[in-house]
Amino acid sequence: MELTCLHNKLNFTPLPHLSPPFSKNPNPRIFRRKRNNLCLTSASDTLVAGSRKELGSKKDDEFGDLKSWMHKSGLPPCKVVLKERPSHDEKHRPIHYIAASEDLQAGDVVFWVPNSLVVTLERVLGNETVAELLTTNKLSELACLALYLMYEKKQGKKSFWYPYIRELDRQRGRGQQAVESPLLWTEDELAYLTGSPTKAEVLERAEGIKREYNELDTVWFMAGSLFQQYPYDIPTEAFPFEIFKQAFVAVQSCVVHLQKVALARRFALVPLGPPLLAYRSNCKAMLSAVGNAVELVVDRPYKAGEPIVVWCGPQPNSKLLINYGFVDDDNSYDRLVVEAALNTEDPQYQDKRLVVQRNGKLSVQAFHVYAGKEKEAVSDMLPYLRLGFVSDPSEMQSVLSSQGPVCPVSPCMERAVLDQLADYFNRRLADYPTTLNEDESLLSDPNLNPRRRVATQLVRLEKKILHGCLQATIELIDELPDHTVSPCPAPYAPLLK
């Protein structure tokens, strides 16, 4: 396969190839380094995807498909098959997914992948190095795995892991809705998220990846076992940032977080795991470490040919989109955050701070508003906001001497608090360039671009939560006994953002 130069570096990213663990070199800097021209290397040396023709090269037939290779390498008989669904982009090959090979019942073990076919930091670095790397607080496990994969890619077909990496190349980091993480979207595509706090989260995550990239050379110097067989440039000279970001996002989309294991094994790349397995928020099946393997026990019956789903953990849709490139309409963990803060210019700020701390809150408090629980969330915010509106020192002393989050509530204060909340929710809704009805119209278009579709799904669900909060607030205003009362002035009202 030929590499198109870095003109196409924003196209997504086949991942690198891994090799079996190797012995340590106490000083990885002793061996000779050679420089590489990225525009002249083969696709096996880089992370830029080739064309559909290249990805489907018959030269790879000798390796067989992923499952066949795994069986040859120690995978016991299992109850799943690889199937495919078409890609929205005809330039890319169809997306593979894991389906039941036979009728299944809840509690069935569908596969058992031995640790010899699982990639973890324990295999990459060794326990003693992992602890040192992670305590620097500069590099995450994902960054270490991504760097390892990028160097391993340069080993090409010599890698024992070539068939697995080829499968990851094929998936191109696409989730179950055929979409990559917005970390790889263009600026114009990120505009689909205008009004959503997720857009700022994407930009913040991208900055974090950049900071980790700048620390990559630390790993090269610290981890002799990782680089003994790689006579290449140090990371920041061997790989431009965009290549690292693509690899990082790809690892992020397929890594499994194992429970009740050592630190060095908690993040794992498991063939037959994501992205071949679909995530669902209302599913309880998880990949689990059992002895010397990782297994999957299903939580529901399946008919032969049905896709297998696993739980993605208690993540809101913003995290599902950033991490895996999809949005779940039935996500009971979906939520928005309302941040309330006591006004630091308030002469009674310190007293109010003591009161909120006594009641388990902070001077800057994040209130989580879950989908379907908007009324409860608004009720939870009210005592905090009422405290912020207290201005009379004698009333403040009464609050300090009381037990619990009790504030004297006058009709004008309650109206002021509720008006502030209603204005806040209206402002947040106005930040979106489209309405709920316009979102529904967009989603009814079967030809809608996949990235626009998932972005529209996300902002639509966010708006529903905000509308629910606004409706709950308006209902409380309607229940006030006297609507002629004007809101109390509040020179030091709490801040909402």
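How many bridges pair β5 with strand β6 (residues 267–269), and in which sense? The two strands pair over three bridges, in the antiparallel sense. Strands here are DSSP runs of type E with at least two residues, helices are runs of H or I with at least four, and both are numbered from the N terminus. Two strands count as paired if DSSP finds at least two bridges between them.

This is a predicted model, in which local features need pLDDT of at least 70 and side-chain atom pairs count only at pLDDT 80 or more, while totals for chains, interfaces and linings use all residues. Residues are numbered from 1 along each chain as its sequence is written, and side-chain values use heavy atoms, with hydrogens and water left out.

Three strands form an open sheet in the order β4-β6-β5, with antiparallel pairing. β4 (119–120) and β5 (255–257) stand at the edges, each with a single partner strand, so one side of each has no neighbour in the sheet. Helix α5 (residues 141–153) lies across β4, β5 and β6. Its direction makes an angle of about 30 degrees with β6. Such angles run from 0 to 180 degrees between N-to-C directions, and axes are lines fitted to C-alpha atoms, for helices over the stretch in contact.

Next, look at strand β9 (residues 293–297). Four of its five residues are buried, so the strand is mostly covered. Buried means under 20% relative accessible area, exposed means over 50%, and partly exposed lies in between, using a 1.4 Å probe and protein chains only. β9 pairs with strand β3 (residues 109–114) in the antiparallel sense over five bridges. Here Phe111 stands opposite Leu296 of β9. β9 also pairs with strand β8 (residues 287–290), again antiparallel, over four bridges. Ala289 has Val294 in β9 as its bridge partner. β8 and β9 form a hairpin with two residues between them. In the turn, Gly291 has a positive phi of about 60 degrees.

Is Cys283 buried or exposed? Cys283 counts as buried, because its relative accessibility is 0%. Leaving aside residues up to four places away in sequence, Cys283 touches Asp299, Arg300, Val309, Val310 and Trp311. Contact means heavy atoms within 4.5 Å. Cys283 and Trp311 are 28 residues apart along the chain, with their C-alpha atoms separated by 4.9 Å.

Now turn to a pair of helices. The axes of α8 (residues 197–214) and α12 (residues 241–254) come within 10 Å and cross at roughly 115 degrees. From α8, the contact uses Arg205, Ala206, Ile209, Lys210, Glu212 and Tyr213. From α12, it uses Phe241, Phe244, Lys245, Phe248 and Gln252. By class, the contact has six nonpolar, one polar and four charged residues. Ala, Val, Leu, Ile, Met, Phe, Trp, Tyr, Cys and Pro count as nonpolar, Asp, Glu, Lys and Arg as charged, and the others, Gly among them, as polar.

Charged pairs come last. Side chains of opposite charge can pair when their charged atoms come close. A salt bridge is a side-chain nitrogen of Lys or Arg within 4 Å of a carboxyl oxygen of Asp or Glu. A search of the whole structure finds 16 of them.

One joins Glu242 to Lys245, with the closest N and O atoms 3.7 Å apart. Glu242 and Lys245 are about one helical turn apart, because they are three residues apart in α12. Glu242 counts as buried at 17% relative accessibility. Lys245 counts as buried at 11%.

Asp419 and Arg415 form another salt bridge, at 3.0 Å from N to O. They sit four residues apart in helix α17 (residues 411–430), so about one helical turn separates them. Arg415 is buried, with a relative accessible area of 19%.

Asp329 and Arg460 also form a salt bridge, their closest N and O atoms being 3.9 Å apart. This pair links distant parts of the chain, 131 residues apart. Asp329 lies in the loop between α13 (317–324) and β11 (335–341), and Arg460 in helix α19 (residues 450–478). Asp329 is partly exposed at 42% relative accessible area, whereas Arg460 is buried at 13%.
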